[in-house]
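Student: I'd like to learn how to read the inside of a fold like this one. Can you walk me through it, feature by feature?

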Amino acid sequence: MALAVAVTGATGFVGQATVPALLAAGHRVRLLARRLPEFASGPAGPVEVVLGDLSQPGALARLVEGADAVLHMAGAIKARSAREFFAVNRDATAALLAAIARRSAGRIDGGPRVILLSSLAARAPQLSPYAASKRAGEDLLRATPHGLPWLAVRAPVVYGPGDRETLRFFKAVRLGLAPVAGDGSGRISAIFVDDLAALLCRLVEAYLPPADAYEVDDGNAAGYSLRDFAREAAAALGRRSRTVAVPRLAMSAAGAAQQGIAMLGGPTSILSPAKVREIFHPDWVCHDRRLAEFIGWMPTVGLGDGFARTIAWYRARGWL
């Protein structure tokens, strides 16, 4: 059945994979954007575009009007300060929920289902402003009035075509050096962007489990060590590389320098002292399998295959 789906974050990395998946499934998509996206009238379109942003109540009201589902993917992964993280990951979520509440008043079904794309970092909010702001966004959903169906998806490392953050790692490995934090023993889960997009599309349609935050990954229960990432990247690139251990002190110093540059008006970097605390956290492996089991969803792309597809995409576009 075709559903009306309101989408935030459609022009981001995950959003650009998810909107085509929604359209391919026959859903009607209305998205919020500051400017008309290129794909709005291209092969992935047509889609309805509400021009504006999450700070504009009028734009939010138009976005959620008559929606069967609201897929909230907008979020900040880098910022100059904790205040900026919370402004996007918490306060903008609050504004969206307020718009939904106003538009849902009197609806028999309680309103549209709300699906929040969160982060695995939210399970350790003490580590960084980013992690704390993502948990705060989830907590807003937990405080919503009874009757509004919601679900938060805690994604691990997401990679795939179009991702510029992972591209830096691949460029280093291509040069023969694979940097890893510390001794490389920290373990993380991952998911290919197309698998995550397929899951989010499925959640728009499926009968949802009880409202909660759920973890997802590519199905590898043990996750991957940082050295696994380096080895798989080298294999996908067809290169030999040497793993380079980056001490925590050195990475923290680099993060402090990047943060200083950003505070002085320079470009914002994902690396900061707080991000280093996240990076050196020993366990970012997904342990919660409830969501995949409940909706009968299976990921299709493992790390090696995913890296190969990603690198082929980069090369085809001259990124790598």
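Student: Which residues touch the most other members of the largest nonpolar core?

Tutor: A nonpolar core is a set of buried nonpolar residues joined through side-chain atoms within 4.5 Å. Keep in mind that this is a predicted model. Here the largest core has 38 residues, and Phe 170 and Phe 229 touch the most other members.

Student: Which elements give two or more residues to this core?

Tutor: Those are helix H4 (129-142), H5, strand S8 (177-181), S10, H7 and H11. H7 gives the largest share, six residues.

Student: And what does Phe 229 touch, leaving out residues up to four places away in sequence?

Tutor: Its list is Val 157, Phe 169, Ile 188, Ala 190, Tyr 224, Leu 303 and Phe 307. There's also a second, separate core of 37 residues, with Leu 71, Ile 191, Cys 201 and Ile 295 among them.

Student: Let's take H11. Which of its residues are buried?

Tutor: For a helix, look at who is buried and then at where they point. In H11 the buried ones are Leu 303, Gly 306, Phe 307, Thr 310, Ile 311 and Tyr 314. They sit on the same side of H11, because their arc around the axis is only 130 degrees.

Student: What do those buried residues pack against?

Tutor: They pack against strand S7 (157-159), helix H5 (164-174), strand S10 (190-192), strand S12 (224-225) and helix H7 (226-237). Just after H11, Gly 318 takes a positive phi of about 75 degrees.

Student: Now the open sheet. What is the order of its seven strands?

Tutor: Strands of a sheet pair through backbone hydrogen bonds, either parallel or antiparallel. In this sheet the order is S3-S2-S1-S4-S5-S6-S11, and the pairing is parallel. Strand S3 (48-51) and strand S11 (213-215) each have a single partner, so one side of each is left without a neighbour in the sheet. On average, neighbouring strands are turned by 20 degrees against each other, direction ignored.

Student: How many bridges join S1 and S2?

Tutor: Four, between strand S1 (residues 4-8) and strand S2 (residues 28-33). Val 5 stands opposite Val 29 in S2.

Student: Which strands does helix H3 lie across?

Tutor: Helix H3 (residues 82-104) lies across S1, strand S4 (69-72) and strand S5 (113-119), at about 175 degrees to S4. H4 packs on the sheet too, touching S5, strand S6 (150-155) and S11, with its direction at about 165 degrees to that of S5.

Key
Residues are numbered from 1 along each chain as its sequence is written. This is a predicted model: local features need pLDDT of at least 70, side-chain atom pairs count only at pLDDT 80 or more; totals for chains, interfaces and linings use all residues. Side-chain values use heavy atoms; hydrogens and water are left out. Buried means under 20% relative accessible area, exposed over 50%, partly exposed in between (1.4 Å probe, protein chains only). The arc is that of the directions from the helix axis to the C-beta atoms. Contact means heavy atoms within 4.5 Å. Two strands pair if DSSP finds at least two bridges between them. Axes are lines fitted to C-alpha atoms, for helices over the stretch in contact, and angles run from 0 to 180 degrees between N-to-C directions.
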